[in-house]
Amino acid sequence: MQRLLTPAKRVLQVKRMMQESSVTTARLLPAAHQRFSTVPAVPLAKTDTWPKDVGILALEVYFPAQYVDQTDLEKYDNVQAGKYTVGLGQTHMGFCSVKEDINSLCLTVLQKLMDRTKTPWDSVGRLEVGTETIIDKSKAVKTVLMELFQDSGNTDIEGIDTTNACYGGTASLFNAANWMESSSWDGRYAVVVCGDIAVYPSGNARPSGGAGAVAMLVGPKAPLVLERGLRGTHMENVYDFYKPDGSTEYPLVDGKLSIQCYIRALDQCYKVYRQKIQNQWKQAGIDRTFTLDDLQFMLFHTPFCKMAQKSLARLMFNDFLSASSDTQSSRYKELEAFKDLKLEDTYTNKDMDKALLKASLDMFNKKSKASLYLSTHNGNMYTSSLYGCLASLLSQHSAQDLAGSRIGAFSYGSGLAASFFSFRASQDASPGSPLEKLVSSMSDLPTRLASRRRASPEEFTEIMEQREHFYHKVNFSPPGDTRSLFPGTWYLERVDELHRRKYARCPV
């Protein structure tokens, strides 16, 4: 069983590394790593050109090894059948025991990414974590992840935790790309880790929880390129979802307000994104309006699956409002009754919502439905929700389906911070291409989800009570059987009297 190094062992290791002056912290990538290789793991000389096609080279997903069935939960909570499965669009909800916390989730997903891609630990120059699951008001999750780099001797790694509700993963991805496209870049990879444990008190919000983490390897010549200059962002001060009480894991939530804020932010971000891409087109001699037709796929931050469907419908409504009268009457005939409404007057219009969902259903099935596979079976992962949707899209489509496509993405974090941006998939989908390998790496997602253990609502409720009991406790070893965890999972082994956390890893 693997454990994180003790302080004494770390001191001895650091002394040994200092004595070995012939050892350098940057080496060329080995031949075994060539399938993901884009640049040497040594600093490059300054250049006047941008690194080309910066984006996601590889992706890894982690979720808990147990779940509760939402149909079982409906019966246990004595609510109407379909309230969670139809109303929220959820079938299963993953959850963590006290054995797992945000540090262990991120340790696991980072370890899995690095091991699977055979990325040398000293080839990472930036590591950033996006999370809103805070277990320490000072010490960052990133500092815990640095333990995994000890054997490589690599401590020259920029980046730290980024927090604002569910937006931290996107902010971390933007920061990684910005670093790579700046004078600070030294030629090495960036890694973005985002993860959360979404839990709520007993009541109507609890079924919208979940847990999981995503790790992304970021570099040039990527099969999923972040389109440069195409980000539409909206931020404002609002209290729709927040966590002011440090004595509990649970947030304060105004559900109705939060949905309105999400939709309002989507409207604003889409408006700005469209302006930016249309400006780029004009510079290239193309003068036309951007619509959803220009996105082959569309991903959303997904607090629950029905929210993603409503959001796709909302984007169609924005296209409808900006279309010419002839286009409105021909293409969007079902929506003509709402053409004189202002956006701000439509957030609670149920008749319009029904018409939009019906009019956009085919488009939703083509562009977004496949991306909800993980959310449907695991629930909300907060900062990693959007990137879980990306993993789902990759798992449900072939490289040929994705080749050359533009993939829209909307990220939302309460409070609020939101962005609309896009990826461009590589044109090369041939066997052995980076895109084909990226898609293949996610092909086992349905099998992995099916391998989880189904827990009863009674067991789920008992574990939620245990999490409440042990939250901020000291000098204890978490209850639970490590044999119930997936092989290779990092877990919390002990919290000492000074709140220091010790982690161990299940056998692979």
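**Strands, helices and rings**

Reply: In this predicted model, strand β13 (residues 406-413) and strand β14 (residues 417-425) are joined by eight bridges, and their pairing is antiparallel.

Me: Which residue of β14 is the bridge partner of Gly 413?
Reply: Strands β13 and β14 pair in the antiparallel sense, with β13 covering residues 406-413 and β14 covering residues 417-425. For Gly 413, the bridge partner in β14 is Ala 417.

Me: Which are the edge strands of the open sheet of nine strands?
Reply: The sheet has mixed pairing and runs in the order β6-β5-β7-β8-β2-β9-β14-β13-β12. An edge strand pairs on one side only, and this applies to β6 (161-162) and β12 (297-300).

Me: At about what angle to β9 does helix α6 run?
Reply: Helix α6 (residues 255-283) lies across β9 (224-235), β12, β13 and β14. Relative to β9, the helix α6 runs at about 130 degrees.

Me: How many of the 18 residues of α7 are buried?
Reply: Helix α7 (residues 305-322) reaches 27 Å from its first C-alpha to its last, which is close to the 26 Å expected at 1.5 Å a residue. The helix α7 is largely enclosed by the rest of the structure, because the number of its 18 residues that are buried is 14.

Me: How many residues apart are Phe 63 and Phe 486, which form an aromatic pair?
Reply: A search of the whole structure finds 17 aromatic pairs. Phe 63 and Phe 486 form an edge-to-face pair, at 6.2 Å centre to centre and with 85 degrees between the planes, and both residues are buried. Phe 63 is in the loop between β2 (55-62) and β3 (66-69), whereas Phe 486 is in the loop between α16 (457-470) and β16 (490-495), so that the pair links distant parts of the chain, with a separation of 423 residues.

Me: Why is the pair of Phe 95 and Phe 460 described as edge-to-face?
Reply: Phe 95 lies in the loop between β4 (92-94) and α3 (102-117) and Phe 460 in helix α16, so the pair ties together parts that are 365 residues apart in sequence. Both residues are buried. The ring centres are 5.0 Å apart, and planes over 60 degrees apart count as edge-to-face; the pair is therefore edge-to-face, with its planes at 70 degrees.

Me: How far is Arg 231 from the ring centre of Phe 174?
Reply: Arg 231 lies over the face of the Phe 174 ring. Its distance from the ring centre is 3.9 Å.

Methods. Residues are numbered from 1 along each chain as its sequence is written. This is a predicted model: local features need pLDDT of at least 70, side-chain atom pairs count only at pLDDT 80 or more; totals for chains, interfaces and linings use all residues. Side-chain values use heavy atoms; hydrogens and water are left out. Rings of Phe, Tyr and Trp (its six-membered ring) pair if their centres lie within 6.5 Å; planes under 30 degrees apart count as stacked, over 60 as edge-to-face and the rest as tilted. Helices (H or I, at least four residues) and strands (E, at least two) are DSSP runs, numbered from the N terminus. Buried means under 20% relative accessible area, exposed over 50%, partly exposed in between (1.4 Å probe, protein chains only). A charge sits over a ring if NZ of Lys or CZ of Arg is within 6 Å of the ring centre and within 35 degrees of the ring normal. The expected span of a helix is 1.5 Å times one less than its number of residues. Two strands pair if DSSP finds at least two bridges between them. Contact means heavy atoms within 4.5 Å. Axes are lines fitted to C-alpha atoms, for helices over the stretch in contact, and angles run from 0 to 180 degrees between N-to-C directions.
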